[in-house]
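The structure is shown first, and the points follow by topic.

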Amino acid sequence: MISIVVPVRNGGEDLRRLLDSIDRQQVDEEVEVVVVDSASTDGSADLARSRGAKVHVIGVEEFNHGSTRNLGVALSSGDPVVFTSQDAYAEDEHWLARLTDIGEFAGVYGRQLAHHDATPPERYFLDFLY
């Protein structure tokens, strides 16, 4: 089983797009989505649950980039564990297979690209960082 851990706070349409892209993935293994939701007020937790994700809600004050992801791993059943964010999504149906089909590994990184409708400053920022 492959687990995908997603920290979420009011993910809205971004979260829906991410979950859609995960549903389209073509992999031979079962995929588990684990959402650690920071007290969203927009129905993100309910959306994730309705799509089959395992959801754990924490208070906003409990969120921390590292410990929240560690909590997601602790709640996961899979090996490997893939981290993504609520506003990222896979461009095609082979993202997860390419990311996880490399044998034994300690860590793998996938480049983050700007969304198609990103503003020029957003594009510059992502090009600069990644």
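Helices here are DSSP runs of H or I with at least four residues, numbered from the N terminus. On that basis, T100 belongs to helix α4, which covers residues 95–100. The model is a predicted one.

**Sheet**
- Four strands form an open sheet: 4 strands in the order β3-β2-β1-β4, with parallel pairing.
- The edges are taken by β3 (54–58) and β4 (81–83); each has a single partner strand, so one side of each lacks a neighbour in the sheet.
- From one strand to the next, the twist averages 20 degrees.
- Strands β1 (residues 2–8) and β2 (residues 31–38) run parallel and are joined by 7 bridges.

**Helix α3 and T68**
- Helix α3 lies across β1, β2, β3 and β4, and runs at about 140 degrees to β2.
- T68 sits in α3, which spans residues 65–75.
- T68 counts as buried because its relative accessibility is 3%, and the cut-off for buried is under 20%.
- Apart from neighbours within four places in sequence, T68 is in contact with P7, V36, I58, E62 and F63.

- A polar atom of the T100 side chain lies 2.8 Å from the backbone oxygen of L96.

Notes:
Residues numbered from 1 in each chain as written. Predicted model: local features only at pLDDT ≥ 70, side-chain atom pairs only at ≥ 80, totals over all residues. Heavy atoms only, no water. Helix = DSSP H or I, 4+ residues; strand = E, 2+ residues; numbered from the N terminus. Buried < 20%, exposed > 50% of the residue type's maximum accessible area, 1.4 Å probe, protein only. Contact = heavy atoms within 4.5 Å. Pairing = 2+ DSSP bridges. Axes fitted to C-alpha atoms, helices over the stretch in contact; angles between N-to-C directions. Polar contact = N/O pair within 3.5 Å; in protein donor to acceptor, adjacent residues only side chain to side chain.
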